[in-house]
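Visitor: Could you show me the model first, and then let me ask what lies behind each term you use?

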Amino acid sequence: MSDRSAGIRLALARPATASFGTRSQRTIAALTVGVLAGVLGATATYTLRLQTVAPAWAGETAMGALVLVSGAFVKLLCQELRTSVLALVVAVVSGGVLAFAAAVAPYLLLDISTLGGIALLPTFRDVITFLVFGQVPLQLTGYLVAIVYDGMTA
């Protein structure tokens with residue numbers, strides 16, 4: 001096994017260790033952790049946005065806690081500060097992309113063209129609102145709580 005594939009395997013399997021490794025290991029660890037945290041945060045935010053069709057157990061508290069935990073996982077899985085900040089940025093961007101893709105997908109699947117552009121404006125407003133006032137602050141708060149916790153235990 002080459003050093004490159006061993007480094008990639010280390011970055012995917014143990015991102016906390018890889019966050020102190022080479023530049024490519026740090027980047028792969030940040031991308032992996034960031035995308036996973038972004039997907040988790042966007043899924044919970046999507047459930048918050050569509051609360052009327054969500055199951056009863058998926059209330060505001062449970063989904064808000066899930067977004068908070070996704071931000072904390074970024075810091076706990078990427079120990080080095082530069083790597084964890086990069087992973088947090090990747091989480092926010094990938095979560096936003098997933099939120100917009102989930103909002104646009106029904107219109108694309110139903111092949112709604114001209115009227116669909118007008119119908120998407122309120123949906124985009126809701127997505128932006130939940131992204132700016134829901135996912136980003138909660139993930140950042142979870143990240144900062146994990147920094148305090150990690151600093152207290154280190």
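Guide: A helix here is a DSSP run of H or I with at least four residues and a strand is a run of E with at least two, both numbered from the N terminus. By that rule Glu60 lies in helix 4, and the protein chain has six helices and zero strands. This is a predicted model, in which local features need pLDDT of at least 70 and side-chain atom pairs count only at pLDDT 80 or more, while totals for chains, interfaces and linings use all residues. Residues are numbered from 1 along each chain as its sequence is written, and side-chain values use heavy atoms, with hydrogens and water left out.

Visitor: What is the average pLDDT of the protein chain?

Guide: The average of pLDDT, the predictor's confidence in each residue from 0 to 100, is 84, and 88% of the residues score at least 70. Among the elements, helix 1 (residues 3-13) has the lowest mean, 69, whereas helix 4 (residues 60-77) has the highest, 91.

Visitor: Why is Glu60 called exposed?

Guide: Exposed means over 50% relative accessible area, buried under 20%, and partly exposed in between (1.4 Å probe, protein chains only). Glu60 has 61%, and is therefore exposed. Leaving aside neighbours within four places in sequence, Glu60 is in contact (heavy atoms within 4.5 Å) with Leu48 and Gln51.

Visitor: Why is Gln135 called buried?

Guide: The relative accessible area of Gln135 is 1%, so this residue falls in the buried class. Gln135 lies in helix 6 (residues 114-153), and, beyond its neighbours within four places in sequence, is in contact with Gly38, Gly41, Ala42, Thr45, Val67, Ala91, Gly95 and Phe130. Across the protein chain, buried residues make up 36% of the 154 residues.

Visitor: How do you know whether the span of helix 4 agrees with its number of residues?

Guide: The expected span is 1.5 Å times one less than the number of residues. With 18 residues, helix 4 should span 26 Å, and the C-alpha atoms at its ends are 25 Å apart, so the two agree.

Visitor: Where in helix 5 does the kink lie, and what is its angle?

Guide: The bend at a residue is the angle between axes fitted to the seven residues ending there and the seven starting there. In helix 5 the kink lies at Ala103, shortly before the proline Pro106, and is about 30°. Just after this helix, Asp111 takes a positive phi of about 55°.

Visitor: What makes up the largest nonpolar core?

Guide: A nonpolar core is a set of buried Ala, Val, Leu, Ile, Met, Phe, Trp, Tyr and Cys residues joined through side-chain atoms within 4.5 Å. The largest one holds nine residues, namely Ala30, Val33, Ala37, Val74, Cys78, Ala87, Leu88, Ala91 and Tyr143. Helix 3 (23-49) and helix 5 are the elements that give two or more residues to this core. Apart from it lies another core, of six residues, including Leu48, Ala58, Met63 and Val67.

Visitor: Which residues does Ala30 touch, not counting those up to four places away in sequence?

Guide: Ala30 touches Cys78, Thr83, Leu86, Ala87 and Val90. For the protein chain, residues 24 or more positions apart account for 67% of the contacts with a separation of 6 or more.
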